[in-house]
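Welcome! Please take a moment to look over the sequence and the 3D picture before reading the briefing that follows.

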Amino acid sequence: MKKQVVILILNSIIIIGVTGIFINLSPLLKTQLSVFSLQLAELGSPAYVFDAAESKISSYIPEETENTTNTRTEEQQVMNSIGSKDSDDGRKITETPPDIKKLMQQAKKKQNKKNALGKTSEESYFGGGRLIKYNNVQIQSKIPAKVYNPDIKALLKKGSDLRIKDKSKPAVLIYHSHTTEAYSLLDSGYYISSDARSTDSSRNMVRVGDELVKYLEKAGFTVIHDRKIHDTDYNSSYDSSRETVEKYLEKYPSIEVTIDVHRDDITYSDKTKVKPTVVVNGKKAARMMLISGCEYNRVVNFPDWEYNLRFDLQVQQKVSSMYPELMRPILFSERKYNMYETHNSFLLEIGTDANTLDEACYSARLFGKALGDLLNEKYCSGE
């Protein structure tokens with residue numbers, strides 16, 4: 001009899017996990033599962049949450065941190081991610097999130113072409129320098145060839161020194177030096193002044209970062225998303241974000257990848273704004289650009305910069321193989337930002353202020369999917 005009960009319980013759990021259909025579990029079984037979860041937590045394991053509908057495992061829940069008006073605690077971020085819909089349970093990667101749909105509907109009622117400052121263009125844009133190509137990977141180099149001439153094939157072969165040994169610990173940090181950068185809400189062919197900046201995290205870079213985080217978490221990685229506004233004083237924004245990055249690196253030494261997520265601004269003298277786009281699976285996406293820096297001329301104390309370039313090329317190759325034309329050439333120049341903090345740091349520009357928030361969030365999901373696949377395929381060990 002006991003054997004039959006065990007088999008029945010196991011079969012029920014299998015059905016729940018495979019089909020995602022809610023089953024009314026007995027109070028006794030629910031209690032046993034809760035106790036089992038608590039026991040795991042007491043033993044020092046990452047926090048597990050049993051979901052009767054989907055049997056999901058939650059993300060790592062970090063220790064308590066200082067809570068401010070501009071920054072949600074890391075625990076809140078993790079808990080809000082639990083139970084979020086994905087392509088496995090109904091929401092496709094191409095689907096516009098409900099909150100963004102609502103913003104778009106509100107904008108349609110309010111936006112007036114009389115307030116337009118200029119028109120938008122979806123043309124391709126190249127900001128100068130030398131264009132270096134290898135297969136589907138491109139670099140836009142602003143460094144003289146006699147100083148450094150990137151050999152993309154050789155750098156790809158070297159690869160990165162990244163190794164993620166325990167996915168239950170934070171491995172990726174997402175932050176935003178220019179947090180208040182924002183996007184248009186409607187694909188109307190023109191832009192208005194209120195599109196460019198916002199302290200509202202439902203409209204600015206934080207919202208785009210949320211989508212990137214979600215898809216990295218789907219790939220099984222534990223991600224810290226810093227939501228603090230760093231550009232209250234624009235000129236000191238990188239100083240502010242550097243303090244944040246170093247705080248997290250000290251607190252979570254397992255972090256190997258740091259990504260500073262921005263959007264670009266390409267405005268011509270006639271006030272036309274460029275919004276680079278590409279259609280992926282029938283939906284417009286904002287084209288993206290990685291920025292990789294090096295020690296040259298005015299940039300000093302950045303001796304390990306080539307490690308970052310090697311990792312960036314791996315990322316560029318992966319995204320381009322999955323979503324052709326989604327990536328603009330890597331911008332390689334005498335820049336430093338906070339890239340020196342790890343060997344696997346980069347700045348990611350997702351579209352421009354003329355792109356829509358929906359286009360940018362879609363691109364963030366695509367990038368998160370591709371990066372998650374890359375990390376799992378090449379850089380995870382001890383799984």
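## Helices α8 and α9

In α8, Phe311, Gln314, Val315, Lys318, Val319 and Met322 meet Phe367, Lys369, Ala370, Leu371, Asp373, Leu374, Leu375, Glu377 and Lys378 of α9, where contact means heavy atoms within 4.5 Å. This is a predicted model, in which local features need pLDDT of at least 70 and side-chain atom pairs count only at pLDDT 80 or more, while totals for chains, interfaces and linings use all residues. Residues are numbered from 1 along each chain as its sequence is written, and side-chain values use heavy atoms, with hydrogens and water left out. Helices (H or I, at least four residues) and strands (E, at least two) are DSSP runs, numbered from the N terminus.

- By class, the contact of α8 with α9 has nine nonpolar, one polar and five charged residues. Here Ala, Val, Leu, Ile, Met, Phe, Trp, Tyr, Cys and Pro count as nonpolar, Asp, Glu, Lys and Arg as charged, and the others, Gly among them, as polar.
- The two helices α8 and α9 pack at an angle of about 120°, and their axes are 9 Å apart. Axes are lines fitted to C-alpha atoms, for helices over the stretch in contact, and angles run from 0 to 180 degrees between N-to-C directions.
- α8 and α9 are therefore oblique to each other; angles under 35 degrees count as roughly parallel, over 145 as roughly antiparallel, 65 to 115 as roughly perpendicular and the rest as oblique.
- The crossing of α8 past α9 is right-handed. A crossing is right-handed if the near helix is turned clockwise from the far one by less than a right angle, and left-handed if anticlockwise.

## Helices α4 and α9

- Helix α9 (residues 357–378) also packs with helix α4 (residues 98–110), at an angle of about 165° and with axes 10 Å apart.
- That angle makes α4 roughly antiparallel to α9.
- On the α4 side the contact is made by Ile100, Leu103 and Met104, and on the α9 side by Leu357, Asp358 and Cys361.
- Sorted by class, this contact of α4 with α9 has five nonpolar, no polar and one charged residues.
- The crossing of α4 and α9 is left-handed.

## The eight-stranded sheet

- Eight strands form an open sheet in the order β2-β3-β12-β11-β13-β7-β4-β6, with mixed pairing. Two strands pair if DSSP finds at least two bridges between them.
- β2 (130–134) and β6 (222–225) are at the edges with a single partner strand each, so one side of each has no neighbour in the sheet.
- From one strand to the next, the twist averages 25°.
- Strand β7 (residues 257–264) and strand β13 (residues 344–352) pair in the parallel sense over seven bridges, and Asp264 stands opposite Thr352 in β13.
- Helix α8 (residues 305–322) lies across β3, β7, β11, β12 and β13, running at about 160° to β11.
- Helix α6 (residues 205–218) lies across β4, β6, β7 and β13, at about 170° to β6.

## Strand β11

- How many residues of β11 are buried? Six of the six are, so β11 is largely enclosed by the rest of the structure. Buried means under 20% relative accessible area, exposed over 50%, and partly exposed in between (1.4 Å probe, protein chains only).
- In a regular strand the side chains alternate between the two faces of the sheet.
- Both faces of β11 are covered, with Met288, Leu290 and Ser292 buried on one side and Met289, Ile291 and Gly293 buried on the other.
- β11 pairs with β13 in the antiparallel sense over four bridges, and Met288 stands opposite Ile350 in β13.
- β11 pairs with β12 in the parallel sense over three bridges, and Ser292 has Phe332 in β12 as its bridge partner.

- Another open sheet has three strands in the order β5-β1-β8, with mixed pairing.
- Strand β1 (residues 116–121) and β5 run antiparallel and are joined by three bridges.
- Thr120 has its place in strand β1 and, at 16% relative accessibility, counts as buried.
- Thr120 and Lys275 are 155 residues apart in sequence and 6.7 Å apart in space, C-alpha to C-alpha.
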